[in-house]
Amino acid sequence: MTDVEADQSALQATLGVQIDRGLLELALTHRSFAYENGGIPTNERLEFLGDSILGQAVTVMLYREYPQLDEGDLAKRRASLVSSAALAEVARGIGLGRYVKLGRGETLTGGREKASILADTVEALIGAVYLDAGGEAATAFVLRMLEPLLADPERFGAAMDPKTSLQELAARRGAGVPVYTVTESGPDHAKIFIATVTVGSLVTTHGEGTSKKHAEMAAALEAWSRLGPVTKPRA
């Protein structure tokens with residue numbers, strides 16, 4: 001077994017689903033890698049497919065599991081669960097970054113930890129599962145990946161509104177109000193925003209997104225994850 005095959009086997013075991021090796025490799029291929037290797041296919045079409053499947057699976061789950069919520073609350077929860085910040089949290093939880101095929105530039109600039117790349121790869125994997133195993137398997141895969149957020153109410157709340165959750169956690173830690181700065185790059189039609197949030201002397205994290213809001217959310221969720229819930233006193 002080659003190193004690539006071993007890596008793929010390890011990832012499939014982590015994902016809990018068998019995906020055709022060709023589809024899996026495609027799902028892990030970021031455009032930066034494709035560009036540096038002669039313009040081979042990227043995971044962007046799979047990402048497009050996976051995004052749609054993700055939205056449907058989450059919508060149906062929320063409708064069934066939360067009959068007490070009105071349309072507005074359901075929409076807010078759906079938006080939080082399909083956000084780049086939440087998907088990146090899921091990706092980090094399974095160590096997905098180490099498997100993504102990135103170009104040299106992205107690798108050197110921390111691409112394996114970028115929320116946008118991680119989230120896009122999760123969506124591409126969902127698309128690959130759908131093509132290889134069908135709709136039911138893809139839906140089950142989505143819900144299994146999101147289970148850590150749903151099983152941990154505090155973390156789910158952070159994913160729903162990471163900036164508020166971080167501010168509340170910072171206050172409990174006596175660290176003051178989180179301070180955000182945002183920079184942008186790229187052409188007008190494809191701008192990338194990078195947010196930095198500093199929580200007192202406790203932590204400084206970064207987040208990336210296609211809007212200032214999404215970048216700040218990604219940075220806030222990363223900071224919240226690093227700080228973690230307030231430690232409870234021992235008995």
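**Helix packing and charge–ring contacts**

Reader: In which hand does α4 pass α5?
Author: The crossing of α4 past α5 has a defined hand in this predicted model. α4 passes α5 in a crossing that is right-handed.

Reader: How is α4 oriented to helix α5 (residues 71–81)?
Author: The two helices pack with their axes 10 Å apart, at an angle of about 140°. Angles over 145 degrees would count as roughly antiparallel, and those from 65 to 115 as roughly perpendicular.

Reader: Which residues of α5 does α4 meet, and how many charged residues has the contact?
Author: From α4, the residues G55, V58, T59, M61, L62 and Y63 take part, and they meet L74, R77, R78 and L81 in α5. By class, this contact of α4 with α5 has 6 nonpolar and 2 polar residues, and the number of charged ones is 2.

Reader: Over which ring does the charged end of R77 sit, and at what distance from its centre?
Author: R77 is one of the α5 residues in the contact with α4. Its charged end sits over the ring of Y66, and the distance to the ring centre is 4.7 Å.

Reader: How is helix α4 (residues 44–65) oriented to helix α9 (residues 135–151)?
Author: The axes of α4 and α9 lie 10 Å apart, and the packing angle is about 65°. α4 passes α9 in a right-handed crossing. Angles of 65 to 115 degrees form one class, so the orientation of α4 to α9 is roughly perpendicular.

Reader: How many charged residues are in the contact of α4 with α9?
Author: On the α4 side are I53, L54, A57, V58 and M61, which meet A138, T139, V142, L143, L146 and L150 in α9. By class, 10 of the residues are nonpolar and 1 is polar; as for charged residues, there are none.

Reader: How are helix α6 (residues 84–93) and helix α12 (residues 212–227) oriented to each other?
Author: Their axes come within 9 Å and cross at roughly 40°. The crossing is right-handed. An angle under 35 degrees would count as roughly parallel, so α6 and α12 are oblique.

Reader: How many charged residues does the contact of α6 with α12 have?
Author: A85, A86, E89 and R92 of α6 make the contact with M217, A218, L221, E222 and S225 of α12. These residues divide into 5 nonpolar and 1 polar, and the charged number 3.

Reader: How many aromatic pairs does a search of the whole structure find?
Author: One aromatic ring, that of Y99, has the charged end of R98 over it, 4.6 Å from the ring centre. For aromatic pairs, the search of the whole structure gives a count of 0.

Technical notes: Residues are numbered from 1 along each chain as its sequence is written. This is a predicted model: local features need pLDDT of at least 70, side-chain atom pairs count only at pLDDT 80 or more; totals for chains, interfaces and linings use all residues. Side-chain values use heavy atoms; hydrogens and water are left out. Axes are lines fitted to C-alpha atoms, for helices over the stretch in contact, and angles run from 0 to 180 degrees between N-to-C directions. Helices (H or I, at least four residues) and strands (E, at least two) are DSSP runs, numbered from the N terminus. A crossing is left-handed if the near helix is turned anticlockwise from the far one by less than a right angle, and right-handed if clockwise. Contact means heavy atoms within 4.5 Å. Ala, Val, Leu, Ile, Met, Phe, Trp, Tyr, Cys and Pro count as nonpolar, Asp, Glu, Lys and Arg as charged, and the others, Gly among them, as polar. Rings of Phe, Tyr and Trp (its six-membered ring) pair if their centres lie within 6.5 Å; planes under 30 degrees apart count as stacked, over 60 as edge-to-face and the rest as tilted. A charge sits over a ring if NZ of Lys or CZ of Arg is within 6 Å of the ring centre and within 35 degrees of the ring normal.
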